[in-house]
Amino acid sequence: MPLYKRPVDLLLFAFYCISVTYGLLFSLPEAIGVPVSPDSPWPPLQWLYEWAIAEEPQHLNPPITLLASTTLDGFVHSPFLLVLLYALWQQRNWIRLWALLFAGSSVTNMFFYFYETFNGAHPPANTLYYLMFNLPWMLMPILLAWRMWPEQPFQPEQVAGEGAQ
């Protein structure tokens, strides 16, 4: 069955396309020490600067928990998401365990990220606005886990020729 006929998979696919892009453009450079500043050598981190001033000042002088979070996102989650996107597109059941492990890792990572944000030195000025942009990174892995929970997330009748896998 084509991706456009699987609305939950389509939503996950679209979200994780954005997520892998964000991870590679923002998290990975931040994890290797590229500063979030108006004169950052990496333009995407220049763009993040205004957001950091308004909502997430910890990006300006990242604590170890934020560096751990961006490192996990940039070096582990983002590359995995490329595999997940392929598996969602091609309806590959072998992704199930990996997707469940990723979902657990991602929710845990966001728990620590939120903990640092709300209990750190500079909590967001506008909690609702902050959550509108950050909560999807906790909720979508939960949706992914729900979607991948069945033993065969992609049913054989939906997947033509999957018997060879």
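Gln 58 lies in the loop between helix H2 (43-54) and helix H3 (64-90), helices being DSSP runs of H or I with at least four residues and strands runs of E with at least two, numbered from the N terminus. Gln 58 is buried, at a relative accessible area of 9%; buried means under 20%, exposed over 50% and partly exposed in between, with a 1.4 Å probe and protein chains only. Beyond its neighbours within four places in sequence, Gln 58 is in contact with Pro 63, Leu 66, Thr 117 and His 122, where contact means heavy atoms within 4.5 Å. Between Gln 58 and Val 36, 22 residues apart in sequence, the C-alpha to C-alpha distance is 9.9 Å.

The model is predicted, so local features need pLDDT of at least 70 and side-chain atom pairs count only at pLDDT 80 or more, while totals for chains, interfaces and linings use all residues. Residues are numbered from 1 along each chain as its sequence is written, and side-chain values use heavy atoms, with hydrogens and water left out.

The chain as a whole contains six helices and zero strands, and its elements run α-α-α-α-α-α from the N terminus on. Its C-alpha atoms fill a box of roughly 50 × 30 × 25 Å along the principal axes. Of its 165 residues, 41% count as buried. Among contacts with a separation of 6 or more, 65% are accounted for by residues 24 or more positions apart.

Leu 3 counts as buried, with 9% relative accessibility. Residues up to four places away in sequence aside, Leu 3 touches Asp 9, Leu 10, Phe 13, Leu 88 and Trp 89. Pro 79, by comparison, is 76 residues from Leu 3 in sequence and 21 Å from Leu 3 in space, C-alpha to C-alpha. Another loop residue, Gln 91, is located between H3 and H4. Gln 91 has a positive phi of about 55° although it is not a glycine, and at 6% relative accessibility Gln 91 counts as buried.

The helix packing comes next. Two packed helices are described by the angle between their axes and the distance between the axes. Axes here are lines fitted to C-alpha atoms, for helices over the stretch in contact, and angles run from 0 to 180 degrees between N-to-C directions. The axes of H4 and H6 come within 8 Å and cross at roughly 155°. That makes H4 roughly antiparallel to H6, given that angles under 35 degrees count as roughly parallel, over 145 as roughly antiparallel, 65 to 115 as roughly perpendicular and the rest as oblique. H4 passes H6 in a left-handed crossing; a crossing is left-handed if the near helix is turned anticlockwise from the far one by less than a right angle, and right-handed if clockwise. On the H4 side the contact includes Ala 99, Phe 102, Ala 103 and Met 110, and on the H6 side it includes Trp 137, Pro 141 and Ala 145. By class, this contact of H4 with H6 has 16 nonpolar, one polar and one charged residues; Ala, Val, Leu, Ile, Met, Phe, Trp, Tyr, Cys and Pro count as nonpolar, Asp, Glu, Lys and Arg as charged, and the others, Gly among them, as polar.

Helix H4 (residues 95-119) also packs with helix H5 (residues 127-134), at an angle of about 160° and with the axes 13 Å apart. These two helices, H4 and H5, are therefore roughly antiparallel, and H4 passes H5 in a right-handed crossing. Met 110, Tyr 113, Phe 114, Thr 117 and Phe 118 in H4 meet Thr 127, Tyr 130, Leu 131 and Asn 134 in H5. The residues of this contact of H4 with H5 comprise six nonpolar, three polar and no charged.

H5 in turn packs with helix H6 (residues 136-148) at about 40°, the axes being 6 Å apart. H5 and H6 are therefore oblique to each other.

The structure holds 16 aromatic pairs, counted when ring centres of Phe, Tyr and Trp (its six-membered ring) lie within 6.5 Å; planes under 30 degrees apart are stacked, over 60 edge-to-face and the rest tilted. Tyr 16 and Phe 102 form an edge-to-face pair, 5.7 Å centre to centre with 80° between the planes. Tyr 16 lies in helix H1 (residues 7-31) and Phe 102 in helix H4, so the pair ties together parts that are 86 residues apart in sequence. Tyr 16 is buried at 1% relative accessible area, and Phe 102 is buried at 5%. Ring pairs link Phe 15, Tyr 16, Tyr 22, Phe 26, Phe 80, Phe 102 and Trp 137 into a cluster.
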